[in-house]
Amino acid sequence: KSFCPLCKSISLDPYHRIDRYKIECTTDICGDCGFIFMNPPLADKTLKELYSEEYFKGSADFSYVDERENKKYSAYVWNKRIKIINKYIKEGNFLDVGCSFGGLMEAASKYYTPCGIEASEYAYKNSAIAFRNNIHHGTLSDHPFPKDFFSVITMIELIEHLDDPLFAIEECHRLLQNNGLLVIQTANMAGRQARKLGKNYEYFMPGHLSYFSMKNLKDALSKTGFSNVRVFYPVEF
């Protein structure tokens, strides 16, 4: 790419080369907004292959932690997250983008009508039977949900996997009702840990295409029409 996917600036500089995985990749940083992104991005076929059964079972070069193996403890996190969300939005339709096996949807079902979007065929096929009919196997660009349909949308450790995160934020805004809530969880690349570790920061991996700072994520949300942005620091400053 010859421009920043976030602010469209052409002021780009090479950032880190990530070479500790079988798939090597390079990142650029935008001189205007500080957004870091994989450039060039991986081919669609390669990306699809990343999220195979091996990725979800922990046997791939880099892997996902399968919450089904420790569901009791994962549920503590899901339930706490839903409890906080429920302070702001009491009911309505709930969408988890990148819902994996449906764990957060299950927790959300106490208060909301849960829906999900999941790109991985393996995760979709192995999602909880109770919710599979509510899960769209695909992405935010090809889903069936209507405008203004959701009260809450979550993207937990998801936005960094997208090569066009601005589109995702815009689509979430379109799908949300007035006064709806969008929850995004991702690393802060301006945070202490990211700055200290540099290219060795564990967040740099082939499946992560987009890397935000707190500032440029807040700016992107504001430009898209979101207001009352609140930042939580669950791990670090």
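Predicted model: local features only at pLDDT ≥ 70, side-chain atom pairs only at ≥ 80, totals over all residues.

User: Let's start with H8. Which residues of helix H8 are buried?

Analyst: In H8, residues 214-224, the buried ones are Asn216, Leu217, Ala220, Leu221 and Thr224. Buried means under 20% relative accessible area, exposed means over 50%, and partly exposed is in between, with a 1.4 Å probe and protein chains only. Helices here are DSSP runs of H or I with at least four residues, strands are runs of E with at least two, and both are numbered from the N terminus.

User: Why do the buried residues of H8 line one face?

Analyst: Seen down the axis of H8, the buried residues fall within an arc of 140°, so they line one face of the helix. The arc is that of the directions from the helix axis to the C-beta atoms. As background, an α-helix has 3.6 residues a turn, so residues three or four places apart point the same way.

User: And what's exposed on the other side of H8?

Analyst: Lys215 and Lys223 are exposed there.

User: What covers the buried residues of H8?

Analyst: The cover includes helix H6 (165-175) and strand E8 (176-185). Contact means heavy atoms within 4.5 Å. From H6, Leu166, Ile169, Glu170 and His173 meet Leu217, Ala220, Leu221 and Thr224 of H8.

User: At what angle do H6 and H8 pack?

Analyst: The angle is about 45°, and their axes are 10 Å apart. Axes are lines fitted to C-alpha atoms, for helices over the stretch in contact, and angles run from 0 to 180 degrees between N-to-C directions. H6 and H8 are therefore oblique to each other. For the cut-offs, under 35 degrees counts as roughly parallel, over 145 as roughly antiparallel, 65 to 115 as roughly perpendicular, and the rest as oblique.

User: Is the crossing of H6 and H8 left-handed or right-handed?

Analyst: Right-handed. A crossing is right-handed if the near helix is turned clockwise from the far one by less than a right angle, and left-handed if anticlockwise.

User: OK, sheets now. What's the strand order in the open sheet of five strands?

Analyst: The order is E6-E5-E4-E7-E8, with parallel pairing. E6 (135-137) and E8 stand at the edges with a single partner strand each, so one side of each is left without a neighbour in the sheet. The twist averages 15° from one strand to the next. Two strands pair if DSSP finds at least two bridges between them.

User: How many bridges join E5 to E6?

Analyst: Three bridges join E5 (residues 113-118) to E6. Gly116 stands opposite Ile135 in E6.

User: Which strands does helix H3 lie across?

Analyst: Helix H3 (residues 71-88) lies across E4 (93-97), E7 (150-156) and E8, running at about 150° to E8. H6 also packs on the sheet, touching E4, E7 and E8, and its direction makes about 145° with that of E8.

User: What about the sheet of four strands, what's its order?

Analyst: That open sheet runs E1-E2-E3-E9, and the pairing is antiparallel. The edge strands are E1 (12-18) and E9 (210-211), each pairing on one side only. E1 and E2 pair over five bridges and form a hairpin with six residues between them. E2 and E3 form a hairpin too, with five residues between them, and Gly34 in the turn has a positive phi of about 80°.

User: Switching to the backbone: where is the cis peptide bond?

Analyst: It runs from Asn39 to Pro40, with omega near 0°. Pro40 is found in the loop between E3 and helix H1 (44-50).

User: Which residues other than glycine have a positive phi?

Analyst: Glu157, with phi near 50°, and Asn228, with phi near 55°. Glu157 is in the loop between E7 and H6, and is partly exposed at a relative accessible area of 32%. Asn228 is in the segment after H8, and is exposed at 76%.

Methods
Residues numbered from 1 in each chain as written. Heavy atoms only, no water.
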